[in-house]
Amino acid sequence: MKQLLVISFLFSLSFQSLCFAEPAQVVKLDPLARFHPVIAEKGVTVSQEAIASQVGTDILAAGGNAVDAAVATGFALAVTLPRAGNIGGGGFMLVHLAEENKTIAIDYREMAPAAASRNMFLDAEGDVDRVKARHSVHSSGVPGTVAGMIYALENFGTMSLKQVMQPAIKLAHKGFPVSRSLASSLVRYSDYLGSDPASRNYFYRADGEFYQAGELLVQKDLAVTLKRISKQGRDGFYTGKTADLLIAQMRRNGGIISYEDLLNYKVVERQPVCGDYRSNRVCAMPPPSSGGVHLIQMLNILEGWDLNALGHNSAAYLHRLVESMRRAYADRSLHLGDPDFYAVPAEQLMDKRYAAQLRKQIDPGKSSRSKDIQPAPTKVINESTDIESTETTHYATWDRWGNVVSNTYTINFSYGSGISVAGAGFLLNNEMDDFSSKPGSANGYGLIGGEANAIQPGKRPLSSMTPTIVFEPQGEPIVATGSPGGSTIITVVLQMLLNVIDFDMGIAEAAAAPRIHHQWLPDTLRYERGISVDTLNILTEMGHSLGDKPVRLGVTQSIASDKNKIKYAASDPRREGAAAIPE
Ligand code: DON
């Protein structure tokens, strides 16, 4: 009995110490850590394809900076994510340089060939010939990716082109295991890709069968092209053998890209557009992307309300989002285009006084109709589709020194025009469809445009790609994000930022939260699964026209950083195959 008492006394002591003693160290998790992002003390790469993320992080681990890693990832994605990663397309790269405390926007968007003309996609009846605009050699603008990657590396990187391209060359030459996602997308797009002999040869097995997940996809011609680029730089793509192959492809099909067009391709370094939202500064891509301007315009409108008090994804909140989106996209249709050809009133559109005017028009209890909302006449602002079938890709790198790259690039639709350059191993974009081929006629994303985005030789088609970096009040970068999704990109990025800034979500949590989209025309509120039926009913009562079924909106790749410079990286859970990989 005595023994038992002693034992129970000892037990209660140890039980007490287990229950009540202070742990040696209480680790307080940053809210950014919620929903299991990848946590990195040094650098990190996040992209839609795991092998390419690893390539970026290997470069960081070898001493490269964020730009070295971003260029390596960009070339690797051209091999491992052929539906969007590319050397035959173009894009935008936002670079934040920690030491200089400077952010740069690199525009490597495709340019219209010199022989392009305003009505080149109109048929005899004056209607847009969608096949010509989207699935022919005419669909392709002059590719900018190779020039853009080399520009970034030469100006802001530290490594040689050979060094950063070596992993991509090896992946193309030796092959890489086809992922489930790649295998299924090659099945899904087989009509499209299989009708082009070169694409059929590159993306389907010699016996005509589909690649199964786990089989090796070897891309010998692409490896040789990449090798030429790594040795000769820009000349390895824009002149010589690669140019010969591209021009031969054009000539076989009556295309209009010429040797001069390739030689004349130019990368443009631009000032990002930045705006203050609550206590943060948001910097994003300027025109020829519409993304940054309208992201800031919508944030300006929304800043006038206490969104947090309305509740995340409540009807009151979503209604304000929709009304802000509606007005921004109406303005997009008239005012946005390539700034080298058209005077885009970007400052006015991003003016807080203009946003206040727009906010005043919004009835908090009632939806407006898009037909009643028109883009603001220039004078006024001076005073104050099936989304899943398209493809683009966003990725980000963040190094241990605090340099950040936020990059979105594309060949427009999944696998671009579907046409590969025979002998050179890469797909041509169909970015010419992002122009407004006919005023009032919708492009592949249902977007309407006019004069500002009409086709002109040498002009860049208007884009929605929105690579973004957010800064805290002292100027430290805290979030890098972006997404594919055509016209929905801007509203997806908007909701990512609101989730983090207004609703204090972790970066992975912010990525997972259900989203909505409205783009003025069509006057339809598109929504994801997860917005409650009650909320949708209230929105309908307010007068919103809902899409008939949920859609998927965007696929973000994001990195956030806390005040201790710990990074939290998260791939969107909407699509498999992506990875955030810490150094
Ligand atoms: O530049 C643009 O806005 C479009 N070409 C992007 C295409 C896209 O995001 C397709 N991805 N889902």
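1. The C-alpha centres of domain 1 and domain 2 lie 28 Å apart in what is a predicted model, where local features need pLDDT of at least 70, side-chain atom pairs count only at pLDDT 80 or more, and totals for chains, interfaces and linings use all residues. Residues are numbered from 1 along each chain as its sequence is written, and side-chain values use heavy atoms, with hydrogens and water left out.

2. Domain 1 covers 67-269 + 419-453 and domain 2 covers 273-391 + 464-574 of the protein chain, with bounds that come from an automatic or database domain assignment.

3. Between the two, 25 residues of domain 1 are in contact with 34 residues of domain 2, contact meaning heavy atoms within 4.5 Å.

4. Domain 1 and domain 2 bury about 2,200 Å² between them, of which 65% is on carbon and sulfur atoms; buried area is the accessible area (1.4 Å probe) that two parts lose on being put together, summed over both. On the side of domain 1, Phe92, Leu94 and Tyr445 lose the most area to domain 2, together 30% of what that side buries.

5. One salt bridge is counted between domain 1 and domain 2, the term standing for a side-chain nitrogen of Lys or Arg within 4 Å of a carboxyl oxygen of Asp or Glu. A salt bridge joins the side chains of Glu391 and Arg83 (3.2 Å, N to O).

6. As for secondary structure, β3 (90-97) and β4 (102-108) each supply at least two residues of the side of domain 1 that touches domain 2, strands being DSSP runs (E, at least two residues) numbered from the N terminus. The largest share of that side, five residues, comes from β3.

How values were computed:
Helix = DSSP H or I, 4+ residues; strand = E, 2+ residues; numbered from the N terminus.
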